[in-house]
Amino acid sequence: MKHLGKSAFADAAPLDGQERGRESVSLNARLRVGDAKRATKVRIRNVSAGGLMAEVPRPLAPDAAVEIELAGIGWVVGRVAWQIEGRIGVAFDSEIDPRQLHPVAAG
């Protein structure tokens with residue numbers, strides 16, 4: 001796993017999600033990298049007030065600026081904290097309230 005700088009996930013042990021307020025989810029979302037206008041579909045696997053983990057179709061550089069559209073919240077700005085084997089960790093620039101998330105109907 002590649003880490004760059006301090007992030008919402010930097011101190012987390014792999015299995016301590018409950019203590020850190022992370023919730024396992026399976027939600028669709030859209031992700032934009034940098035100033036890109038086009039968004040890529042991703043799958044959110046866990047989320048907390050300070051960040052999330054998502055499955056992505058292609059690798060992203062650590063520390064890349066990203067925006068993620070979360071249903072019920074809108075576009076959230078953050079940075080890639082780590083990436084490994086088709087997954088990325090994103091540290092949000094500002095905390096969110098994960099209770100506002102809601103699933104998006106497919107189709």
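Student: Over the ring of which residue does the charged end of Arg-32 sit?

Tutor: A charge is said to sit over a ring if NZ of Lys or CZ of Arg is within 6 Å of the ring centre and within 35 degrees of the ring normal. Here the ring is that of Trp-75, and the charged end of Arg-32 lies 3.7 Å from its centre. Before we go on, please keep in mind that this is a predicted model, where local features need pLDDT of at least 70 and side-chain atom pairs count only at pLDDT 80 or more, while totals for chains, interfaces and linings use all residues. Residues are numbered from 1 along each chain as its sequence is written, and side-chain values use heavy atoms, with hydrogens and water left out.

Student: How many helices and strands does the protein chain have?

Tutor: Both are DSSP runs numbered from the N terminus: helices are H or I with at least four residues, strands are E with at least two. The protein chain has 0 helices and 6 strands, so, by that definition, its elements read β-β-β-β-β-β from the N terminus on.

Student: Which residues of S4 are the bridge partners of Leu-31 and Val-33?

Tutor: Leu-31 is partnered by Ile-68, and Val-33 by Val-66. S1 (residues 23–33) pairs with S4 in the antiparallel sense over 4 bridges. S4 is also joined to S5 (residues 74–84), again antiparallel, by 6 bridges. There, Glu-69 has Trp-75 as its bridge partner in S5. The hairpin of S4 and S5 has 3 residues between the strands, and Gly-72 takes a positive phi near 95°.

Student: In the largest nonpolar core, which residues touch the most other members?

Tutor: In soluble globular proteins, nonpolar side chains tend to be buried together. A nonpolar core is a set of buried Ala, Val, Leu, Ile, Met, Phe, Trp, Tyr and Cys residues joined through side-chain atoms within 4.5 Å. The largest one here has 22 residues, and Ile-44, Leu-52, Ile-68, Leu-70 and Ile-88 touch the most other members. S1, S2 (40–47), S3 (51–55), S4, S5 and S6 (87–92) each supply at least two residues of this core, with S1 giving the most, 4 residues.

Student: Which residues does Ile-68 contact, leaving aside its neighbours within four places in sequence?

Tutor: Contact means heavy atoms within 4.5 Å. For Ile-68, the partners include Ala-29, Leu-31, Ile-44, Leu-52, Trp-75 and Val-90. For the protein chain, take contacts between residues at least 6 apart in sequence: 51% of them join residues at least 24 apart.

Student: What is the phi of Asp-63, and what is that of Glu-85?

Tutor: Most residues other than glycine have a negative phi, and most peptide bonds are trans. Asp-63 has a positive phi of about 75° although it is not a glycine, and Glu-85 also has a positive value, near 45°. Asp-63 lies in the loop between S3 and S4 and is partly exposed, at 36% relative accessibility. Glu-85 is placed in the loop between S5 and S6 and is exposed, with a relative accessible area of 76%.

Student: Where is Asp-93, and which residues does it contact beyond its neighbours within four places in sequence?

Tutor: Asp-93 is in the segment after S6 and is exposed, with a relative accessible area of 52%. Its contacts, leaving those neighbours aside, are Val-77, Gly-78 and Arg-79. Asp-93 and Val-76 are 17 residues apart in sequence, yet their C-alpha atoms are 8.0 Å apart in space.

Notes: Pairing = 2+ DSSP bridges. Buried < 20%, exposed > 50% of the residue type's maximum accessible area, 1.4 Å probe, protein only.
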